[in-house]
Every structure is written in structure tokens, then in C-alpha cells.
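Below is a briefing on one protein chain. Please look over the sequence and the model before reading the points.

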Amino acid sequence: MVLAVRVLGQSAGASFDELTHTLDVAIGGARLAGMHRLPLQPGDVIEVRRKNRKANFTVMWVGEPGTQRAGQVGLQSLDAPSDFWGIEVPVEGEAPIPVSGRVVHQTGNAG
């Protein structure tokens, strides 16, 4: 589901505040797109804002330049409430997808 979000944080010594959007959302995480300009690394913690809500997420993976996932990041929630996205998110996710040689399940993990 595509939802507008604001992403704030620091990475590689640089602060950022970027408007971007989701590609997928789950109770435990999300996949964001439009992240080409941000120097994010797996393990970075960022703040995501959606309407009047904000929550912290850990960057789980970053799409490599030149691949289909370039500019995308996979996030896992640290403290987002179950209603964070402002929509009903099903508990049962889609089939697992491979990410960097491992399987990430849609339910509870970013993917």
C-alpha cells in the first residue's frame, strides 16, 4: 500500500528529513521507496511520521544501486503501535520473499 510518510534521522554523520512513501506495510515493518539520496545502512534507526503519528524503525536492508530495489529500504518497527499506519493491516501477510539470500516474512518483518 502506498502511503505518504516523512523520514527523519541521522546516518553517516548527516541529518535528514525526507518526504517519501511506502510500498508495503505490515504490523511489524514496512518497505519504503524514494530513498536514493539518504545514506542509510542496515542497523540505522530512523523516525517515520505518518499523519500525527511517529515511531522508530530499524533499517533491515537497503536496496543496492542498479538493482530493482534501488532507493528502497526494509524497516522493522521498534515501537510503532498496531494502528500506526492509520489503516487496517491484516495479521496474515503475503508469501515470504527472498532478500539477500534469506527469507523475510511479510508478517512482523519488513519486506
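Strand E1 (residues 4-11) and strand E4 (residues 45-50) run antiparallel and are joined by three bridges. Within this pairing, Val7 lies opposite Val48 of E4. The model is a predicted one. The two strands belong to a closed barrel of six strands in the order E1-E2-E3-E6-E5-E4, paired in the antiparallel sense. From one strand to the next the twist averages 45°.

**Chain overview**
- The protein chain contains eight strands and zero helices.
- Along the sequence this gives the pattern β-β-β-β-β-β-β-β.
- Of the 111 residues in the protein chain, 41% are buried.

**Leu8 in strand E1**
- Leu8 sits in strand E1.
- Leu8 counts as buried because its relative accessibility is 17%, and the cut-off for buried is under 20%.
- Beyond its neighbours within four places in sequence, Leu8 contacts Phe16, Asp17, Ile46, Glu47 and Arg49.
- For one of these contacts, Glu47, the separation from Leu8 is 39 residues in sequence, while the C-alpha to C-alpha distance is 5.1 Å.

**E4, E5 and the hairpin between them**
- E4 and E5 run antiparallel and are joined by six bridges.
- Arg50 is opposite Arg53 of E5.
- The hairpin of E4 and E5 has two residues between the strands, and Lys51 there takes a positive phi.
- The phi of Lys51 is near 55°, and Lys51 is a residue other than glycine.
- As a rule, most residues other than glycine have a negative phi.
- Lys51 lies in the loop between E4 and E5.
- With a relative accessible area of 67%, Lys51 is exposed, because exposed means over 50%.

- Strand E5 (residues 53-62) pairs with strand E6 (residues 73-77) through five bridges, in the antiparallel sense.
- Val59 has Leu75 of E6 as its bridge partner.
- In general, strands of a sheet pair through backbone hydrogen bonds, which can be parallel or antiparallel in arrangement.
- Gln72 is placed in the loop between E5 and E6.
- Is Gln72 buried or exposed? Gln72 counts as buried because its relative accessibility is 10%.
- Leaving out neighbours within four places in sequence, the contacts of Gln72 are Leu23, Arg31, Leu32, Ala33, Trp61, Val62 and Gly63.

**Second largest pocket**
- The second largest pocket holds about 180 Å³ of space.
- It is lined by 13 residues, and those closest to its centre are Met35, His36, Leu38, Val62 and Gly63.
- Val62 and Gly63, named in that group, are also among the contacts of Gln72.
- By class, the lining of the second largest pocket consists of seven nonpolar, five polar and one charged residues.
- As a general point, rolling a probe the size of a water molecule over the atoms shows where empty space is left.

Technical notes. Residues are numbered from 1 along each chain as its sequence is written. This is a predicted model: local features need pLDDT of at least 70, side-chain atom pairs count only at pLDDT 80 or more; totals for chains, interfaces and linings use all residues. Side-chain values use heavy atoms; hydrogens and water are left out. Two strands pair if DSSP finds at least two bridges between them. Helices (H or I, at least four residues) and strands (E, at least two) are DSSP runs, numbered from the N terminus. Axes are lines fitted to C-alpha atoms, for helices over the stretch in contact, and angles run from 0 to 180 degrees between N-to-C directions. On a 1 Å grid over the protein atoms alone, a cavity is a set of points where a 1.4 Å probe fits but cannot get out, and a pocket is an open set with protein on both sides within 12 Å along at least five of seven lines; lining residues have an atom within 4 Å of a point. Grid points are joined across faces, edges and corners, and a volume is the space filled by probe spheres set on the points. Ala, Val, Leu, Ile, Met, Phe, Trp, Tyr, Cys and Pro count as nonpolar, Asp, Glu, Lys and Arg as charged, and the others, Gly among them, as polar. Buried means under 20% relative accessible area, exposed over 50%, partly exposed in between (1.4 Å probe, protein chains only). Contact means heavy atoms within 4.5 Å.
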